[in-house]
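Please have the sequence and the structure open while I speak.

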Amino acid sequence: MKTYIDIGINLTNRQFQNDIDDIVHNALDADVSHMILTGTSVHKSQESAKIAANYPEVLYSTAGIHPHDAKSFDANSISQLKALLQKKHVVAVGECGLDFDRDFSPRDQQERCFKAQLELAIATQKPLFLHERAAFSRFMAITNDYLQQLPKAVVHCFTGNLTEAKTYLDNGFYIGFTGAISDANRFAHLKEVVRYVPLDRLMIETDSPFMLPKNVPKTSLTPYHERRNEPAFLPYVAGTIAQFKGIGLDVVTLHSSQNAVVFFGL
């Protein structure tokens, strides 16, 4: 039986408040066998690790500081993240990187926070869960300084262009695709990216509650949460990849799941 692995869900988001058990069981019913909770700050990383511990070998988590939260980065942050990364079910450093699209944190603070987490990944040899938006040149300039020492890395929720994707692949990174690939209005360019990225270097994610796939039937949406994405909708991401590549859904599922198991050590 095919099973899916969702490499990025924001289960600590307030949209999932009081719904966690239902969300997990909905996903399992949809053959999503494993899910990785995204840590976006020290507090959210701690919260994610606590939730994941309640669902052993189903939920895992990451520990990191999102560039939006880089303003919260202080002298204690790395030691707190490092403590979380000692836990077996905390499987990656991140979400970390740069976001110059919204600039919710000052750019110099984003860069300091990002560099510290790259060094943390090198020290712990845990893989990296990366975020980059409207900051490609600076992102690559920073990562290039660490590239020879970095563990495995995935650029999650990829929405960039083909040239950027090629650069990431050339540097050994994996690419994470979300429901954005089904949005023919905003992200039509992702079709050629999906076709280009080889099966052994891609993974799939919902980034829920965000990035709701456009091909999810309205009848599948939860009343009062019609715009909320959830890991149960991951098969729609895989289906879009299969369609773009002209291959069977089982092929996408097999490769994306194998990649995630090996990458995160599940």
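Let me begin with Asp108, which counts as partly exposed because its relative accessibility is 46%. Please keep in mind throughout that this is a predicted model. The side chain of Asp108 meets that of Arg112 in a salt bridge, with 3.8 Å from N to O, and Arg112 is likewise partly exposed, at a relative accessible area of 43%. Both residues belong to helix α4, residues 107-124, and since they are four residues apart there, about one helical turn separates them.

Which of the two is buried? Glu111 is, because its relative accessibility is 15%, whereas Arg138, with a relative accessible area of 34%, is partly exposed.

A further salt bridge joins the side chains of Arg107 and Asp103, at 2.9 Å from N to O; Arg107 is partly exposed at 40% relative accessibility, and Asp103 is partly exposed at 32%. Over the whole structure, the search finds five salt bridges.

Finally, there is a surface patch of positive charge, in which Arg102, Arg186, Lys214 and Arg227 gather. Of these, Arg186 lies in the loop between β7 (174-177) and α7 (190-196), and its relative accessibility of 55% is why Arg186 counts as exposed.

Methods. Residues are numbered from 1 along each chain as its sequence is written. This is a predicted model: local features need pLDDT of at least 70, side-chain atom pairs count only at pLDDT 80 or more; totals for chains, interfaces and linings use all residues. Side-chain values use heavy atoms; hydrogens and water are left out. Patches are made of residues with over 30% relative accessible area and no salt bridge: like charges are joined within 9 Å, nonpolar side chains (Val, Leu, Ile, Met, Phe, Trp, Tyr) within 5 Å. Accessible areas come from the Shrake-Rupley method with a 1.4 Å probe; for residues, only the protein chains shown count as cover. A salt bridge is a side-chain nitrogen of Lys or Arg within 4 Å of a carboxyl oxygen of Asp or Glu. Lys and Arg count as positive and Asp and Glu as negative; His and the chain ends are not counted. The place of a charge is taken as NZ of Lys, CZ of Arg, CG of Asp or CD of Glu. Helices (H or I, at least four residues) and strands (E, at least two) are DSSP runs, numbered from the N terminus. Buried means under 20% relative accessible area, exposed over 50%, partly exposed in between (1.4 Å probe, protein chains only).
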